[in-house]
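Please read the questions and answers with the model open beside them.

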Amino acid sequence: MGDTAFDFSDDDEEVVVDPLTLGPDLYYLCQENETGKALELLEIGVPHAYLPSSEDPTIDTSGEWSCLSWAAYNGNIPLTIELLKRGASKTYAEARSRLKLKEELLATSRSQSKATPASVAAAAKLTEPLLINTPLIWAAKMGYLRVCWLLLIDGYSSIDDVDSVGNTALHLAAANGHSHVVGCLIADGADVKRRNNYRNTAFEVCKSAQDCKAALRAAIDKPVLEPLTREQRKDIHLSHVKKLEETEGEITNIADTSKLDIDEFEEKINSGIAFGISEDVAKIGTSLVRGMKLERQLKKDIADLQGQLPVITQSAYTNYVNTLKASLKEVEALFTPEESSASLTEMVKLGEAMCETAHSEFWLQVSCQAVEKVVCATEHTVKLMTRLKESIVKAEMAKGNEELVKNATALHNRLSTELEMRRACDGYPVYKLPDSEMDAKAAKEYWGEEDVGKIEETREWPLPPEETGQYIWVPSESLKGLRDASERLENALKDADAHGCNVALVEESRATMKAKGGDLVSLEGKNDEDRDSAVAVAEKLAKKLKKGGKKKK
């Protein structure tokens, strides 16, 4: 093959290659089974009729290899389809027509009373070189069933096509043990009793493959009242082709798979593959079967998991959740959302939801087990409690088992209340208490700014706010802190018994509440005294302000 045919350089002047000159290149690519490049040349119009004899007239063209011959010999389905589409079998069809005329001439010569032996002998010697070593011969020899089918459908003959020693396609398929091709050719009407130039039938050259011999023996032993005519064999061939089309249609024209018997449909596909259906049809059928099997497996896995809910053990998770997840992953790998059937899509959604539910239940149970042995919550259990709360939320969102969620929530409530009681007890502020024996000077030094309340100074100060006529009192920070802490502990203790909190902690918290309650009473009394004193001072200032205003007038 000349490299110049594909040399597109970056020179200023573009090289234009005439497709009509690239016949040898296409021939070479077909010979070397270079599918992609050969198809590219065919696409730009390179002729497929090139033969080596066209460059050397002395070459015997009897059975000469063509582009189609190489495609058939290599079992190249895409290239065979494209070549046939572009008329690569035209010369073969013309040869078949010439052969038919010769046969008619021979029949006429035999039937005419005036026919001489010489004329009959002359007609009998007429042959057609293009019917020798045809692409069908090579496809049958190599065992490429689909290529054989493509050639038979296009008009190649299982009867007329022979090699250089008179072997038919059936001879060569049988000799090489290609049982599927043997079955196809027999069904197509091939003559099982035909002999080659050495007087051998296909059965006699079959050296292996018992199924080949069995098929040939059954065809030979089939009772026949009289030999089939060429027209009868043609009808058999057409019926054979029609059966292939019907078989492919039964696989590809399925609108609803819900009523299909999976095993029967799979057997139909396997039989179709053996019969010679196209690779695309086989893929469609195989994909349908796999999808139906997956749907059936999904249905089983979902039912199995449904029977195990709630999933609270490692073994149940492994055996049921992981199994369902594996099936869902297989569906995702095989089908895009657009390719999935409506029923499969719904089943996938259900399966995913159930996996999420089971997953949330399992980890909720794990979280519960991690804190169930906690006697009383402390700061050290906060992480476990946080994980438990997150697991509860996820289980609720995934519609997990209600009883499991309820128990987990109760456990979390107990721990939360215990922790809150501890924090409330530890959260009491540092404060000072009144001392009745302390004199005024000592008291002034004793109380800090945070221990004494004050009147909020509004814009009317020292007069009270116009709206209420009452001074706004702000309690001391110490008192507010004690009030808040006491309220916090009181709220925590409200539900302690209901949540089944630790008894010792509850008693300790109540004792703290009682002790701090007495301190709160003392500070509340001091707060009242501070307020009364501050109000008295403010009222005096207000009187002075009023008197000063009158004097100015």
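The questions and answers below concern a predicted model, and they move from helix packing to a cavity and then to the backbone.

Q: Are α16 and α17 roughly parallel or roughly antiparallel?
A: Helix α16, residues 314–334, and helix α17, residues 342–371, have axes that come within 10 Å and cross at roughly 150°. Because angles over 145 degrees count as roughly antiparallel, that crossing makes α16, relative to α17, roughly antiparallel.

Q: Which residues of α17 meet α16, and how do the residues of this contact divide by class?
A: The crossing of these two helices, α16 and α17, is left-handed. From α16 the contact takes in Gln314, Tyr317, Val321, Leu324, Lys325, Leu328 and Val331, and these meet Leu344, Val348, Gly351, Glu352, Cys355, Ala358, His359 and Phe362 in α17. By class, the residues of the contact of α16 with α17 are ten nonpolar, three polar and two charged.

Q: Are α2 and α4 roughly parallel or roughly antiparallel?
A: Helix α2, residues 35–43, packs with helix α4, residues 77–85, at an angle of about 15°, and their axes are 10 Å apart. Since angles under 35 degrees count as roughly parallel, this angle makes α2, relative to α4, roughly parallel.

Q: What is the make-up by class of the contact of α2 with α4?
A: The crossing in which α2 passes α4 is left-handed. Thr35, Ala38, Leu39 and Leu42 in α2 meet Pro78, Leu79, Glu82 and Leu83 in α4. Sorted by class, the contact of α2 with α4 has six nonpolar residues, one polar and one charged.

Q: Which residues of α15 make the contact with α13?
A: Helix α13, residues 230–252, and α15 pack at an angle of about 35°, with their axes 9 Å apart, and their crossing is left-handed. On the α13 side the contact is made by Glu248, Ile251 and Thr252, and on the α15 side by Val281, Ile284, Gly285 and Leu288.

Q: Which helix gives the largest share of the lining of the largest cavity?
A: The count comes to one cavity of 30 Å³ or more, and the largest cavity has a volume of about 40 Å³. The residues that line the largest cavity are Asp451, Val452, Gly453, Ser476, Leu479, Leu523, Lys526, Asn527 and Asp530, which by class are three nonpolar, three polar and three charged. The largest share of this lining, four residues, comes from residues 503–552, that is, from helix α22.

Q: In which loop does Pro310 lie?
A: Most peptide bonds are trans. The bond that joins Leu309 and Pro310 is instead cis, with omega about -5°. As for its place in the chain, Pro310 lies in the loop between α15 and α16.

Q: What is the omega of the cis peptide bond that joins Trp461 and Pro462?
A: Pro462 lies in the loop between β1, residues 454–455, and β2, residues 473–474. The peptide bond that joins this proline, Pro462, to Trp461 is cis, and its omega is about 10°.

Q: What is the phi of Asn133?
A: Most residues other than glycine have a negative phi. Asn133, whose place is in the loop between α6 (117–124) and α7 (135–142), is not a glycine and yet has a positive phi, of about 50°.

Note on methods
Residues numbered from 1 in each chain as written. Predicted model: local features only at pLDDT ≥ 70, side-chain atom pairs only at ≥ 80, totals over all residues. Heavy atoms only, no water. Axes fitted to C-alpha atoms, helices over the stretch in contact; angles between N-to-C directions. Parallel < 35°, antiparallel > 145°, perpendicular 65-115°, else oblique. Left-handed = near helix turned anticlockwise from the far one by under 90°. Contact = heavy atoms within 4.5 Å. Nonpolar A, V, L, I, M, F, W, Y, C, P; charged D, E, K, R; others polar. 1 Å grid on protein atoms, 1.4 Å probe; cavity = no way out; pocket = protein on both sides within 12 Å on 5 of 7 lines; lining within 4 Å. Points joined across faces, edges and corners; volume = space filled by probe spheres on them.
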